[in-house]
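Student: Before we look at the aromatic rings, could you set the model out and then take my questions on it in turn?

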Amino acid sequence: MNITLEQWQALIAVVDQGGYAQGAESLRKSQSTLSYAIQKIEDQLGVTLFRMEGRKAKLTDTGEVLVRHARDLLNRAALTEELAMQYGEGAEPLIRLQVEAIFPESAIFEALREFSQAQPQTRIELRQSVLSGTEEAILQRRADLVIGGRVPPGYAGEPLTTIEFIAVAAPDHTLVQSGNQLGLEDLRPYRQIVVKDSGQRNLDDGWLGAYQRWSVDSIELSIKAVIEGLGFAWLPELKVQDHIDSGRLVELPLIEGARRNAQLHLILTNGEYTSAGVIELGKLIKQVVAQQCPHQR
């Protein structure tokens, strides 16, 4: 390669810190060293990275493109080094797992139980999220392994399971007591309990458009609110089946739309740079899902 990683690092430091002096200080190098490194990039590639606007140097269009690719190059180099270190140590120091809240906890805990027997020293960070919050964890690389509904462009995921939702209410709710077959329009005058998107996009997935809506921040709160008779909701069948069997919840007699489903995917956020431990945990999750949720696939 004509350009070294150190040269690209110098360029990014100047851009991020807002000048040669600040960039040099952040890297603990002299300003002349950074100037020379960037001049070498321009000379070797035959490009102009900066243009002067008054007394300030601004990136050219070419410079902006190259900086974007340089960031990716340095990130991949760091991932490669981290991966080599993890293999050298023989164990994963930390695995960050982000899971869509509709996914059954029992499957996650069983997979983690089996994983801990093989790698007891590995620390696990397990977080739940809803809708775009899960996608943000991928895009911002806050997780190594993700179970989510949408695979963002540029990432690879494989189908893991399909979660079925059912419309439910408390047995003493007016919609149940009426004894009538219901259409979706019959639900609109009544309060719907919706789980709030944990991301910045505030998606309203699953909202019927009911005149009254309460938003809660977890599946568990939604279940409790419906059991208390505060509204109706579409909830994951695997998480409410026990309540239906015990009579605390009743499936609404809808003519259509009583059941909905959501496809979940298993996503490795670092792609081909994924470490061996993360790959192994992903395999265990798939095995447990095949055993515990065969009718949901």
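Tutor: A residue is called buried under 20% relative accessible area, exposed over 50% and partly exposed in between, with a 1.4 Å probe and protein chains only. The model is predicted, so local features need pLDDT of at least 70 and side-chain atom pairs count only at pLDDT 80 or more, while totals for chains, interfaces and linings use all residues. Residues are numbered from 1 along each chain as its sequence is written, and side-chain values use heavy atoms, with hydrogens and water left out.

Student: How many aromatic pairs does the rule give?

Tutor: Rings of Phe, Tyr and Trp (its six-membered ring) pair if their centres lie within 6.5 Å, and planes under 30 degrees apart count as stacked, over 60 as edge-to-face and the rest as tilted. Applied here, that rule gives a count of 2.

Student: Why is the pair of Tyr20 and Phe50 called tilted, or what is the angle of its planes?

Tutor: The ring centres of Tyr20 and Phe50 are 6.2 Å apart. The pair is tilted because its planes stand at 55°.

Student: Is Phe232, which pairs with Trp234, buried or exposed?

Tutor: Phe232 and Trp234 form an edge-to-face pair, with 6.1 Å from centre to centre and 75° between the planes. Trp234 has 10% relative accessibility and counts as buried. Phe232, at 0% relative accessibility, likewise counts as buried.

Student: Which residue lies over the face of Trp234?

Tutor: A charge sits over a ring if NZ of Lys or CZ of Arg is within 6 Å of the ring centre and within 35 degrees of the ring normal. At 3.7 Å from the ring centre of Trp234, the residue over its face is Arg260.
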